[in-house]
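Here is a brief report on one structure. Please look over the sequence and the model first.

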Amino acid sequence: MLETFRQFFDLHTIIWLCPIIFIFHDLEEIITIESSMKASKNRFQKSSSFVQLILNMREKLGSTAAQLSVSATWILLIISFTTVVTAHLTLNGGGFLLYTAILNLFILQAIMHIVQSICFKGYTPGIITALFLLIPYSLIAYDSLFECGLIDGHLLFASLPVSLLMIPIFLVGNLLGRYFIH
């Protein structure tokens, strides 16, 4: 199946799809966050401490569409910058550390959505695009990069700490959203 996909999309196209995939994913979250938060508060008032922890984290990280939009814009700027640099580097034989780190975060984000949906026993904002866009896109991108010899197991392993360092940088967007949108 991946071979069929590669016939229609070259590596540059796959790289340039990164911010587009992110936009679709975050649009789902932005559109559904407020109704989901309201439903979760009513439905899970007497739930386990883990579910309450997830709800508290969601609220602290931005529980309105406007706050999430500011955060998404911040992250989109970083992802877009990384995409431009990566697309340029493919022409010059450069590295893919930051791009691979973002792919890792896409997979982590998708796993978090899956875990939340299991904990809440239902829909959580972002689960649909996590399952049908983030995971397939990331797997196709990893496969294409491995197939072209642009990343290997060593680079994938080296990208994991970079991914962890990017999390607080991405979370700055949540702080900006809470600061600018009260």
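## Around S117

Leaving aside residues up to four places away in sequence, S117 touches G122, Y123, T124 and I127. The model is a predicted one. S117 lies in helix α5, which covers residues 97–120.

Is S117 buried or exposed? Its relative accessible area is 13%. Buried means under 20%, so S117 counts as buried.

## Helix α5 against helix α7

Helix α5 also meets helix α7, residues 153–180. Their axes come within 7 Å. They cross at roughly 70°. Angles of 65 to 115 degrees count as roughly perpendicular, and α5 and α7 are therefore roughly perpendicular to each other.

On the α5 side, the contact is made by L97, L98, T100, A101, I102, N104, L105 and L108. On the α7 side, L155, L156, A158, S159, L160, V162, S163, M166, I167 and F170 take part.

## A nonpolar patch on the surface

Which residues form the nonpolar surface patch? They are I20, I23, F24, L27 and I31. Together they have about 470 Å² of accessible area.

F24 is found in helix α2, residues 11–43. Its relative accessibility is 48%, so F24 counts as partly exposed. I20 also has its place in helix α2. At 40% relative accessibility, I20 is partly exposed.

## I20 and I79

I20 and I79 are 59 residues apart along the chain. Their C-alpha atoms are separated by 9.8 Å.

Methods: Residues numbered from 1 in each chain as written. Predicted model: local features only at pLDDT ≥ 70, side-chain atom pairs only at ≥ 80, totals over all residues. Heavy atoms only, no water. Patch = residues over 30% accessible without salt bridge, like charges linked within 9 Å, V, L, I, M, F, W, Y side chains within 5 Å. Areas by Shrake-Rupley, 256 points an atom, 1.4 Å probe, with all protein chains shown as cover. Salt bridge = Lys/Arg side-chain N within 4 Å of Asp/Glu carboxyl O. Helix = DSSP H or I, 4+ residues; strand = E, 2+ residues; numbered from the N terminus. Buried < 20%, exposed > 50% of the residue type's maximum accessible area, 1.4 Å probe, protein only. Contact = heavy atoms within 4.5 Å. Axes fitted to C-alpha atoms, helices over the stretch in contact; angles between N-to-C directions. Parallel < 35°, antiparallel > 145°, perpendicular 65-115°, else oblique.
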